[in-house]
Number of protein chains: 2
Amino acid sequence: MARQSMREEIVEAALAQFHERGFNAAAVKDITDRAGVPKGSFYNHFESKEALALVALGRYGDGRRLGDLADKSVEPVARIRAHFEFLRDEQLEVGIAKGCLLGNFGAEIVDHSETIRGGVRSGLAIWAEMLSGALVDGQQAGSIRKDLDPDVTARYLVSAWEGTLIQARTFKSADVFDSFFDLTFNSLLKP
Amino acid sequence: MARQSMREEIVEAALAQFHERGFNAAAVKDITDRAGVPKGSFYNHFESKEALALVALGRYGDGRRLGDLADKSVEPVARIRAHFEFLRDEQLEVGIAKGCLLGNFGAEIVDHSETIRGGVRSGLAIWAEMLSGALVDGQQAGSIRKDLDPDVTARYLVSAWEGTLIQARTFKSADVFDSFFDLTFNSLLKP
């Protein structure tokens, strides 16, 4: 395989470093070291750490498999469940750590960077929209409570998921995931 | 009023600085400057920034008015609602910013500090326990769905709240609070 471009290597390293350490703790030098490129090369490719964080956020969003939420060949409740199972399994694979980059930046940096706030906002908005679409499908199929507003519910599920990640990391326990799945699927959405 | 002790001034400044900027972005020098004390005095009072963060977390928890959740003179649903309204109003007063110190540290630093993870864990556990007690009161009074497991539900509400704060800050909008109150009280808890 050909060596990736230097820019690409910086983006991949940044995504990993931001996700593991957060925005402030990830220094440009840490990122270029991780990418195996000279620190001086950074500013040939990116105007600032913020600009790079925005690209990393986009890359992170691309990995969320949001398209699966619109896959009409899968029953809507199963589709929503599989989506959150995918996100949970990502956490379990790394020992319940790192959380969600959108939530992490949302908690750490959106008050201080309009650039990053814009990126997090887009990521959260697209996610909620995709979830809302799947909820509507479930309501039409009769497998999701019809009196729930799909947009309000989608936003609530995003909130519940982000808080679940915070608690799972804090307790270093998968019990919090179980609570999320139990309440969401056995009570909240159930007709 | 007598001048507060230097230690107390450092704790108050640290709480404010950590809450505004996060753990990593709050340098010891920022905290001592904010407290108006010499930087050198810091290590007379605290072993490390982590040790101070733990004290600040305790102080933050004391300000959550969790005791109100056990006030049996108030109807349980009204009690839970008033609790979250208090937390929401704190955010509205500062232009929807800063979020919850427990959630912020949970997203930023628990993977990297066992000391702080312990403090966040205690804070979240006590909060969920108090909420669970209020939920049980509501179930006994018939104003909360009886088939909900109170511990699972309390944990879910904590998650939903923490994620709501992240989204409210990101969208700089109170709509996310409205979604939280609407779904929690008009659907999730309703018998």
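Predicted model: local features only at pLDDT ≥ 70, side-chain atom pairs only at ≥ 80, totals over all residues.

Trainee: Which helix supplies the largest share of the side of chain A that touches chain B?

Mentor: Helices α1 (6-21), α6, α7 (114-141), α8 (150-171) and α9 (175-188) of chain A each provide at least two residues of that side. The residues of that side divide into 20 nonpolar, 14 polar and 14 charged. The largest share, 16 residues, belongs to α8(A).

Trainee: What area do chain A and chain B bury between them?

Mentor: The contact draws 48 residues from chain A and 48 residues from chain B. Of the area buried between the two chains, 59% lies on carbon and sulfur atoms. Y156(A), T170(A) and L183(A) supply 16% of what chain A buries against chain B, more than any other three residues. The area buried between the chains is about 4,300 Å².

Trainee: Which residue of chain A meets D111(B) in a salt bridge?

Mentor: Side chains of opposite charge can pair when their charged atoms come close. Four salt bridges are found across the interface of chain A and chain B. For D111(B), the N to O distance is 3.9 Å, within the 4 Å limit of the rule. The partner of D111(B) is K172(A).

Trainee: How are α6(A) and α8(B) oriented to each other?

Mentor: Two packed helices are described by the angle between their axes and the distance between the axes. Helix α6 (residues 101-108) of chain A and helix α8 (residues 150-171) of chain B pack with axes 9 Å apart, at an angle of about 70°. Angles of 65 to 115 degrees count as roughly perpendicular. The orientation of α6(A) and α8(B) is therefore roughly perpendicular.

Trainee: Which residues of α8(B) make the contact with α6(A)?

Mentor: The residues of this contact divide into two nonpolar, three polar and one charged. On the side of α6(A) they are G103(A), G106(A) and A107(A). On the side of α8(B) they are I166(B), R169(B) and T170(B).

Trainee: How many residues apart in sequence are the parts that D137(A) and R79(A) tie together?

Mentor: The whole structure holds 24 salt bridges over all chains. One of them joins the side chains of D137(A) and R79(A), at 2.9 Å from N to O. D137(A) lies in helix α7 of chain A and R79(A) in helix α5 (residues 76-93) of chain A, so the parts tied together are apart in sequence by 58 residues.

Key
Residues numbered from 1 in each chain as written. Chains lettered and ligands numbered in written order. Heavy atoms only, no water. Axes fitted to C-alpha atoms, helices over the stretch in contact; angles between N-to-C directions. Helix = DSSP H or I, 4+ residues; strand = E, 2+ residues; numbered from the N terminus. Parallel < 35°, antiparallel > 145°, perpendicular 65-115°, else oblique. Contact = heavy atoms within 4.5 Å. Nonpolar A, V, L, I, M, F, W, Y, C, P; charged D, E, K, R; others polar. Buried area = accessible area lost by both parts, 1.4 Å probe.
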